[in-house]
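Subject: Structure handover

Hello,

Here is the structure I promised you. Please open it next to this email and follow along.

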Amino acid sequence: MDTSGDVTSKEHHLVTDAAHARVNPLIELLEADKPIFSVWANYYGVGADYQVAASLQASPHYDFLLYDLEHQPYDLGQLRRFLWDLLDPATLVTGGRGAIKPVIARIPPGGRDSTTWVTKQVLDMGVAGLMLPHVETPEQALGAVAAARYAQHPDARDLHPEGLRGYSPAVPARYWGLDPHDYQARSDIWGLDPLGELLLIFIIESRRGVDNVRAIAEGLTEAGVRCILWAGGGDMSISYGEPPYGGEQPATEAGIEAVLSAGREFGLPVGMNNYRSVEADFARGARAFFTLGPQAIATSPLSDEARRAVGR
């Protein structure tokens, strides 16, 4: 949609004061240096039907849901149904819109591909953020940032990376519980604008990505972007010629440590592939964790004692 002359200052539409509650609760947790916990949907035996959505929304174990579109068919109709199936009336009445679990979608293209058209289609469903696979350079990461944000006012302090997202906010604004102008402001990238609540996760999962992870973190930080760097051990191990998810993985472990090191240096939270050593990984800088599989719907992968040990 052509937006010539239609992009106006975010401050014109939304009063900016410190009391504004976040729509995306993940941002509040990360800004408080708290860990966040998630589970995969539409992946590894966990479906995307109404029963799964209702069960995951009711689960006290997870702060957000990762929804896979990389290894499953690119079906936005199914994603839209899943998002709306999360909207439990009782939760909305007692907890408000912020009590509905945020969904972050892993999209098919990542750093190695153009993400622009897929990015705007998935964001227009109403997701709270995107996970991008195989990010390997600062240019790829910043290109994904540009694809995920609307064009900014020409005089805006946060003009760059200049937004490429097409303007059609009616559906995602309705899902976020905002009017379109407020959605335009709130759906900017976390860190680029005080109001920005869109969370991007960049998966570092190859030798090249590990080699460049410090430059990626530095480039994002210099641009003002806050995000999660995810240490993708599965593909990373294959990239190093090591067995995935088992066996000796010295190069992979060193790669994961390089991602954690970049996160610590530049103050970016790091995501991890499992809950096996949450306390130790938290001490190393990890702040986002996921689990997968049908068993995760009914039981917590983390004990109450371990949650308390990391401040949750």
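Glu218 has a relative accessibility of 29%, so it counts as partly exposed (buried means under 20% relative accessible area, exposed over 50%, partly exposed in between, with a 1.4 Å probe and protein chains only). Before going on, please note that this is a predicted model: local features need pLDDT of at least 70, side-chain atom pairs count only at pLDDT 80 or more, and totals for chains, interfaces and linings use all residues. Residues are numbered from 1 along each chain as its sequence is written, and side-chain values use heavy atoms, with hydrogens and water left out.

Which residue does Glu218 meet in a salt bridge? Its partner is Arg214, at 3.6 Å from N to O. A salt bridge here is a side-chain nitrogen of Lys or Arg within 4 Å of a carboxyl oxygen of Asp or Glu. Arg214 is also partly exposed, at 40% relative accessibility. Helices (H or I, at least four residues) and strands (E, at least two) are DSSP runs, numbered from the N terminus.

Why can such pairs form? Side chains of opposite charge can pair when their charged atoms come close.

By this rule the count is 17 salt bridges. Here are some of them.

- Arg106 and Asp68 pair at 2.8 Å, N to O. This pair links distant parts of the chain: Arg106 lies in strand β3 (residues 103-106) and Asp68 in strand β2 (residues 64-68), 38 residues apart. Both Arg106 and Asp68 are buried.
- Arg22 pairs with Glu31, with the closest N and O atoms 3.0 Å apart. Arg22 is buried at 19% relative accessible area, whereas Glu31 is partly exposed at 48%.
- Arg22 and Glu31 also belong to a network of salt bridges with Arg186 and Glu197.

**How α11 packs**

Look at helix α13 (residues 250-266) next. Its axis comes within 9 Å of the α11 axis, and the two cross at roughly 25°. Axes are lines fitted to C-alpha atoms, for helices over the stretch in contact, and angles run from 0 to 180 degrees between N-to-C directions. That makes α11 roughly parallel to α13 (angles under 35 degrees count as roughly parallel, over 145 as roughly antiparallel, 65 to 115 as roughly perpendicular and the rest as oblique). On the α11 side, the contact is made by Val213, Arg214, Ala217, Glu218 and Thr221. On the α13 side are Ala258, Val259, Ala262, Glu265 and Phe266. Contact means heavy atoms within 4.5 Å.

Helix α7 (residues 138-148) packs on α11 too, at about 40°, with the axes 8 Å apart. Pro138, Ala141, Leu142 and Val145 in α7 meet Ala215, Ile216, Gly219 and Leu220 in α11.

**Ser206**

Where is Ser206 found? It is in the loop between β5 (199-204) and α10 (207-211). Ser206 counts as buried, at 5% relative accessibility. Leaving out residues up to four places away in sequence, Ser206 touches Arg112, Glu136, Met236 and Ser239. Asp188 is 18 residues from Ser206 in sequence, and 28 Å away in space, C-alpha to C-alpha.

Best wishes
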